[in-house]
Every structure is written in structure tokens, then in C-alpha cells.
Amino acid sequence: MAEPITYVGLDVHKDTIAVALAEAGLRGEVREHGKIPNTPTALKALTVKLASARRELRFCYEAGPCGYGIQRQLTGMGHECAVIAPSLIPRKSGLRIKTDRRDAINLAKLHRAGELTPVWVPDQAHETIRDLVRARQAAVRTLRQARQQLSGFLLRHGRHYHRPAWTQLHRRWLASLKFDQAVHHIVLEDCIAAVEAAMARRDRLEAHIEAVLPEWSLAPVVEALQALRGVRLVAAATLVAELGDITRFTNPRQLMAYLGLVPSEHSSGRTRRQGGITKAGNGAARRMLIEAAWSYRFPARISREQLLRQERQAKPIRDIAWKAQERLCRRYRKLARAGKQPTVITAAIARELAGFIWAIAKQVQPMAT
């Protein structure tokens with residue numbers, strides 16, 4: 001005879017965890033269990049106490065800043081634990097009271113009803129790579145802000161550089177600038193130092209990403225994705241780190257929807273309205289795809305750099321990459337002739353590029369860990 005099931009909702013915070021229990025069955029009891037400290041010792045004591053009644057325990061909690069440590073601890077103790085996507089939790093529109101107790105009870109009830117959507121939980125090695133990739137993304141944002149501050153300072157004082165910026169020639173031009181006030185030279189040098197420090201940080205993190213990739217189980221997928229036009233090492237590593245096991249999507253349409261690249265829709269009766277892309281799911285991966293999609297505005301061709309990246313790949317992967325170039329470059333020109341905005345065209349190209357990424361990931365076997 002199977003053990004009865006108890007669904008455990010956890011409302012996790014930095015210092016505390018609110019706990020609620022829901023017994024299996026439509027009329028099963030739902031009750032608050034109380035609060036415990038957010039420590040491994042307290043969580044273990046709670047689990048041992050609840051398991052002493054010889055019931056199967058199924059835990060759930062919302063994904064958030066506290067990470068996956070609770071899920072890994074509970075799974076290691078032999079219990080099922082789902083990490084829930086917060087944006088997909090059903091919520092009553094008229095609800096105006098929100099407390100930790102109510103949130104935990106709601107999680108337990110919805111978990112029992114099967115109304116919650118779990119997220120994919122990476123292993124610790126994968127999470128390490130993702131942290132490194134996200135540190136690089138933060139460095140890129142810092143670099144962008146530093147460059148904007150420098151450009152804003154120059155604009156305020158009427159200094160214009162009418163050629164491509166952030167090159168060696170641009171740096172020499174900055175060094176040649178003269179101001180009436182001595183303080184302005186100090187501000188200029190400080191802005192330049194901020195830009196150079198941000199560039200050094202970005203380059204340092206990119207070097208670390210390249211160094212640790214060979215030891216990662218998904219390194220073959222990263223290498224295979226570089227066969228695509230516009231997808232270099234950092235972009236491929238970011239996509240795989242953020243998306244995880246791409247083959248978990250049963251078809252490319254699921255991946256496109258996960259990335260938020262499908263059009264929004266509001267239809268009723270015979271009326272069907274579609275709007276902009278949903279922008280749901282992982283924003284970092286979506287941005288990388290958008291950046292890669294810009295390269296398809298040029299005619300289809302295999303550059304020397306891309307040829308070097310493809311040399312170690314199997315023929316099916318090279319064929320998919322060339323098919324992507326032919327289709328997406330033709331698609332870009334067709335949409336441009338139709339008068340579509342470049343941003344709209346790029347989003348459409350990124351959506352189809354996600355399908356080719358899924359096809360390549362299906363061809364690659366990750367390394368054994």
C-alpha cells in the first residue's frame with residue numbers, strides 16, 4: 001500500500017521559512033505548521049519530524065535570491081522538492097492581503113492541485129558557470145554605463161568625435177582634448193580610467209570563462225553552437241549557461257516561448273489580436289540571441305573566423321549552420337522589403353535562430369560527469 005502524501009509549501013526568506021501542510025485529496029486538511037529558521041539544521045529537523053508520521057513528503061518553494069540550496073538538501077534526503085516559477089503562480093485578482101503564512105498555505109494547496117510550474121534546477125557545476133557568465137554580464141553593463149558617462153561629459157562641453165568610437169584612435173583623440181578649466185581634465189581622466197577598468201574587468205572574466213569551459217559537461221554544446229553565424233564563444237556560453245539542457249524542450253516552439261520571443265496575443269470570439277513579443281523567460285539569453293540576429297542582415301557567407309570555428313564540428317552541425325544562414329539572411333531581406341522596422345525584423349530572426357540552436361543541441365552529446 002502506497003504511503004499517504006503530504007504537500008509542504010515553503011515560503012522562503014533570508015532568515016526564516018514559513019511552512020504549511022496540505023494533505024492529499026480534494027478535502028484534505030490544509031494547515032499552517034509555523035516558522036523555522038532558514039538554516040540546514042532547522043530544515044533537517046523539520047523534515048525528520050514530518051517524515052516520522054510515515055507519509056511521503058513533497059516540498060515546493062518559489063525560485064528567488066536564496067538559490068537552490070534548500071532543493072538540493074531536501075533531494076539529498078530523498079524527498080521530492082520542486083522550485084516554482086513565481087511569475088506563473090495563479091493569483092486571485094481581488095486578493096489584497098499578503099503574508100508569509102498565506103503564501104505558504106497557497107503554495108501547498110496549489111502544489112497539491114498540480115497548478116504550479118517548476119523551473120529547471122541546475123547542478124552545482126552548472127550554477128558555477130552561470131554565476132561566472134552573469135558576472136561578465138554585470139561587467140558589460142558597468143562598461144556601458146562608464147562609456148555613456150564619458151560621452152555625456154564630452155557632449156556637455158561640445159566635444160564631438162565623428163568617427164567610430166572606443167578604438168585606439170579614439171583613445172588618442174581623448175588624450176589630445178584641451179579644456180579651459182583644469183578640473184575638467186581631472187573629470188576626463190577619471191571617466192577614462194572608469195572605462196578602462198570596466199574593459200579590463202570584462203576581458204578578465206571572458207578569459208576565466210574560456211579557461212573553465214573545457215571542464216564543463218555542456219562544453220560540447222557551447223562549441224557546437226559557435227558554428228552559427230553571430231554566436232561566438234561568450235555568446236554560446238551565455239546561452240547554454242542560462243538555458244541549461246536545451247534538449248529538455250520537446251520542440252523548438254517551446255524554446256521560443258521560454259525565451260519570450262513569441263508574439264503576445266489577446267483574442268476573443270472571432271477577433272484575434274497579436275502584439276509585441278512576450279519578453280517572458282530568460283532575458284539574458286534573449287538579449288544574446290537578439291545581438292546574434294543582427295549579423296544576418298548581411299548576405300549569407302562563411303567567414304574565415306566562422307570556418308575555423310566549424311572545422312571540428314560534424315557535418316550535420318555544419319549543414320544546420322549553413323541552412324540557418326541561407327534562411328535567416330533571406331528572411332531578413334524579405335521583411336526589410338516589406339517595410340518592417342529593424343527591431344521587429346531582428347526579433348523575428350532571433351525567434352527562428354532559437355529553432356536552429358535547438359536543432360544543433362539535439363545533435364550534441366554532453367560530456368560525462
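User: Is Leu307 buried, exposed or partly exposed, and what is its relative accessibility?

Analyst: In this predicted model, Leu307 counts as partly exposed, at 45% relative accessibility.

User: Where does Leu307 lie?

Analyst: Leu307 lies in helix 11, which covers residues 304-310.

User: What does Leu307 make with Ile302 and Trp322?

Analyst: Ile302, Leu307 and Trp322 make a nonpolar surface patch of about 250 Å².

User: Now the inside. Which residues touch the most other members of the largest nonpolar core?

Analyst: Leu228 and Leu289 do, in a core of 55 residues. The elements that give two or more residues to this core include helix 4 (124-156), helix 6 (182-212), helix 10 (283-293) and helix 12 (315-337).

User: Which helix gives the most to this core?

Analyst: Helix 13 gives the most, with 11 residues. There is also a second, separate core of 19 residues. Among the residues of that second core are Leu10, Ile17, Val19 and Leu50.

User: What does Leu239 touch, not counting residues up to four places away in sequence?

Analyst: Leu239 touches Val231, Gly244, Ala285, Met288, Leu289 and Ile357.

User: And how many Å apart are Leu239 and Gln168?

Analyst: From C-alpha to C-alpha, Leu239 and Gln168 are 30 Å apart in space. In sequence they are 71 residues apart.

User: How many residues of helix 10 are buried?

Analyst: Eight of the 11 residues in helix 10 are buried, so this helix is mostly covered. The buried residues are Gly283, Ala284, Ala285, Arg286, Met288, Leu289, Ala292 and Ala293.

User: What covers the buried residues of helix 10?

Analyst: The cover includes helix 4, helix 8, strand 7 (271-277) and helix 13.

User: Changing topic. Which residues of helix 2 are buried?

Analyst: In helix 2, residues 69-76, the buried ones are Ile70, Gln71 and Leu74. Seen down the axis of helix 2, these buried residues fall within an arc of 100 degrees, so they line one face of the helix.

User: What covers the buried residues of helix 2?

Analyst: The cover includes strand 1 (5-12), strand 2 (16-23), helix 1 (40-51), strand 4 (56-62) and strand 5 (80-84).

User: Which residue with a positive phi follows helix 2?

Analyst: Helix 2 is followed by Gly78, and the phi of Gly78 is near 95 degrees.

User: Next, salt bridges. What does the count come to?

Analyst: The count comes to 20 salt bridges. One of the pairs is Arg72 with Glu127, at 2.8 Å from N to O.

User: Which parts does that pair tie together?

Analyst: Arg72 is in helix 2 and Glu127 in helix 4, so the pair ties together parts that are 55 residues apart in sequence. Arg72 counts as partly exposed at 24% relative accessibility, while Glu127 counts as buried at 19%.

User: What does Glu32 form with Arg101?

Analyst: Glu32 and Arg101 form a salt bridge, and their closest N and O atoms are 3.1 Å apart. The pair links distant parts of the chain, with Glu32 in strand 3 (residues 30-37) and Arg101 in helix 3 (residues 100-113). Glu32 is partly exposed, with a relative accessible area of 42%. Arg101 is partly exposed as well, at 43%.

User: And which residue does Arg171 form a salt bridge with?

Analyst: Arg171 pairs with Glu196, the closest N and O atoms being 2.9 Å apart. Arg171 lies in helix 5 (residues 168-175) and Glu196 in helix 6, so parts that are 25 residues apart in sequence are tied together. Arg171 has a relative accessible area of 27% and is partly exposed. Glu196 is partly exposed, at 40%.

User: Which residues do salt bridges that share partners join into one network?

Analyst: That network is made of Glu23, Glu29, Arg31 and Arg55.

Methods. Residues numbered from 1 in each chain as written. Predicted model: local features only at pLDDT ≥ 70, side-chain atom pairs only at ≥ 80, totals over all residues. Heavy atoms only, no water. Buried < 20%, exposed > 50% of the residue type's maximum accessible area, 1.4 Å probe, protein only. Helix = DSSP H or I, 4+ residues; strand = E, 2+ residues; numbered from the N terminus. Arc of directions from axis to C-beta. Contact = heavy atoms within 4.5 Å. Patch = residues over 30% accessible without salt bridge, like charges linked within 9 Å, V, L, I, M, F, W, Y side chains within 5 Å. Areas by Shrake-Rupley, 256 points an atom, 1.4 Å probe, with all protein chains shown as cover. Salt bridge = Lys/Arg side-chain N within 4 Å of Asp/Glu carboxyl O. Core = buried A, V, L, I, M, F, W, Y, C linked by side-chain atoms within 4.5 Å.
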